[in-house]
Amino acid sequence: MANEIAAEYEFIGVTGARSIPTDLLSLLLNMHDYNHQNGTHRELFEIESVQMKQFIDEGFHSHAYLSQPRKQPRLRDILKNPAQLAMPKVLEAHLENFFPFMGLLHGEDKLLSLKECHFYVPEADRQSRVFVLMYMKAHSPIAHLIKGNLLKLIDVVVDQDAKILNKIYADVPQRIKLNNEVGMDWVRRNFESFPVAPEPNLSR
Ligand SMILES: [Fe+2]
């Protein structure tokens, strides 16, 4: 998969490389918790809510399609930062998941197509390494000017995840099930089944 991307897309760089004191299951649960975008990363993306449009379960491989409406900028914010007008009102995300070691974000924008490959590597019982390879296809010369910003942005995202990961998940009993927890259920089931591929859940 990464090879196909490398052939077609321009490599922007590696970012978000860290070793986090957490077990692999907790790390994966966080990364597939589709509610955490408007919790952990709320300030950064100003996401108001996360709507799961579709989840395609293919065993150790899956696709999640999310619609994420953003907070509407106030006139004051627009005057201060006219770039606000260029930000989409709804962030559409297509996440492709390769259990257990990779998550791939497909991003489409007027300026560029983005492929963001998140890797999850266990180092010890309670130590996991993460890093992100970023690739793009420019649709405008402007895309080349924001490569550094993209790397920095994703580094901040990973930093926010790393901070929250000290507190949560694997030991916490599951509460009321929300629609957006389908990704976390997928992780739990695959984790129990690994390395035997599980039966995909087709009822969704
Ligand atoms: Fe996150």
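1. Helix axes are here lines fitted to C-alpha atoms over the stretch in contact, and angles between them run from 0 to 180 degrees between N-to-C directions. The structure under review is a predicted model. In this model, helix α2 (residues 24-31) packs on helix α6 (residues 182-193) at an angle of about 155°, the axes being 8 Å apart. Angles over 145 degrees count as roughly antiparallel, and α2 is therefore roughly antiparallel to α6. The crossing of these two helices is right-handed.

2. On the α2 side, the contact is formed by Leu-24, Leu-25, Leu-28 and Leu-29. Helix α6 contributes Met-184, Val-187, Arg-188 and Phe-191. Classified by residue type, the contact of α2 with α6 comprises seven nonpolar residues, one charged residue and no polar ones. As to the spacing along such a helix, residues three or four places apart point the same way because an α-helix has 3.6 residues a turn.

3. The surroundings of α2 deserve a separate remark. Eight of the eight residues of this helix are buried, so α2 is largely enclosed by the rest of the structure. Besides its leucines, the buried residues of α2 include Ser-26, Asn-30 and Met-31. The partners against which the buried residues of α2 pack are the strands β1 (10-20), β6 (112-124) and β7 (127-138), together with the helices α5 (147-164) and α6.

4. Over the whole structure, a search finds seven aromatic pairs. In one of them, the ring centres of Phe-55 and Trp-186 lie 6.4 Å apart with the planes at 70°, so this pair is edge-to-face.

5. Phe-60 lies in the loop between β2 and β3 (61-69), while Phe-99 lies in the loop between β4 (90-98) and β5 (102-108). This pair likewise links distant parts of the chain, its members being 39 residues apart. Phe-60 and Phe-99 are both buried.

6. Which residues form one aromatic cluster? The members are Phe-55, Phe-60, Phe-99, Trp-186 and Phe-194.

Terms used: Residues are numbered from 1 along each chain as its sequence is written. This is a predicted model: local features need pLDDT of at least 70, side-chain atom pairs count only at pLDDT 80 or more; totals for chains, interfaces and linings use all residues. Side-chain values use heavy atoms; hydrogens and water are left out. Helices (H or I, at least four residues) and strands (E, at least two) are DSSP runs, numbered from the N terminus. Angles under 35 degrees count as roughly parallel, over 145 as roughly antiparallel, 65 to 115 as roughly perpendicular and the rest as oblique. A crossing is left-handed if the near helix is turned anticlockwise from the far one by less than a right angle, and right-handed if clockwise. Contact means heavy atoms within 4.5 Å. Ala, Val, Leu, Ile, Met, Phe, Trp, Tyr, Cys and Pro count as nonpolar, Asp, Glu, Lys and Arg as charged, and the others, Gly among them, as polar. Rings of Phe, Tyr and Trp (its six-membered ring) pair if their centres lie within 6.5 Å; planes under 30 degrees apart count as stacked, over 60 as edge-to-face and the rest as tilted. Buried means under 20% relative accessible area, exposed over 50%, partly exposed in between (1.4 Å probe, protein chains only).
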